[in-house]
Amino acid sequence: VVSTQSTGNVLFAQRRSQEAQRLRDPKLNGKGVQQAVDLKQRISNFCRQEFGLELVITSPMSRALMTCDLVFPGNKYPVLVSSLPREQGDYPCDYGTKKSELEIAFPHRDCSGVQEIWWS
């Protein structure tokens with residue numbers, strides 16, 4: 001799952017890059033939520049009929065998990081939370097949230113294949 005707009009994207013667009021870089025694991029903002037809702041509507045038939053979607057893979061970044069929840073709600077498709085798709089940077093905005101905290105925030109997602117500190 002590729003995430004939609006986060007609070008960090010807005011700060012970067014406003015040329016507030018230092019502030020954006022200090023955000024740890026930025027969450028979706030209102031526009032990002034709407035983008036995910038729109039994406040769900042656009043791809044629902046495609047995934048079901050034409051593509052034969054069998055598995056959704058998402059990063060453990062909060063914005064990716066939030067996007068996944070909005071685009072693929074419930075248990076219709078199996079979701080694999082994997083630390084392989086991740087940010088490649090050295091700023092707090094590129095670091096994730098600990099697995100134990102993700103399990104509290106996203107109890108319906110199986111994070112068993114993710115290490116506690118998965119972004120290093």
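Modeller: The structure, a predicted model, holds zero disulfides.

Colleague: Why is C68 called buried?

Modeller: The relative accessible area of C68 is 0%. Buried means under 20%, so C68 gets that label.

Colleague: What makes C111 count as buried?

Modeller: C111 has 2% relative accessibility. That value is also under 20%, therefore C111 counts as buried.

Colleague: Where is D25 found, and why does D25 count as buried?

Modeller: D25 lies in the loop between α2 (17-22) and α3 (30-51). Its relative accessibility is 0%, and the limit is under 20%, so D25 is buried.

Colleague: What makes the pairing of D25 and T97 a polar contact?

Modeller: Their side chains are joined at 2.5 Å, and the cut-off for such a pair of N or O atoms is within 3.5 Å. Leaving aside neighbours within four places in sequence, D25 is in contact with several residues, including M61, R63, Y95 and T97. D25 and D94 are 69 residues apart in sequence, with 6.6 Å from C-alpha to C-alpha.

Colleague: Which residues touch the most other members of the largest nonpolar core?

Modeller: They are V56, F72, V81, L102 and W118, in a core of 18 residues. Both α4 (62-71) and β2 (79-81) supply at least two residues of this core, and α4 gives the most, with four.

Colleague: What does W118 touch, not counting residues up to four places away in sequence?

Modeller: W118 touches P60, M61, S83, R86, G96, T97, K99 and L102.

How values were computed. Residues are numbered from 1 along each chain as its sequence is written. This is a predicted model: local features need pLDDT of at least 70, side-chain atom pairs count only at pLDDT 80 or more; totals for chains, interfaces and linings use all residues. Side-chain values use heavy atoms; hydrogens and water are left out. A nonpolar core is a set of buried Ala, Val, Leu, Ile, Met, Phe, Trp, Tyr and Cys residues joined through side-chain atoms within 4.5 Å. Buried means under 20% relative accessible area, exposed over 50%, partly exposed in between (1.4 Å probe, protein chains only). Contact means heavy atoms within 4.5 Å. A polar contact is a pair of N or O atoms within 3.5 Å; within protein, one must be able to donate a hydrogen and the other to accept it, and residues adjacent in sequence count only if both atoms are side-chain atoms. A disulfide is a pair of cysteine sulfur atoms within 2.5 Å.
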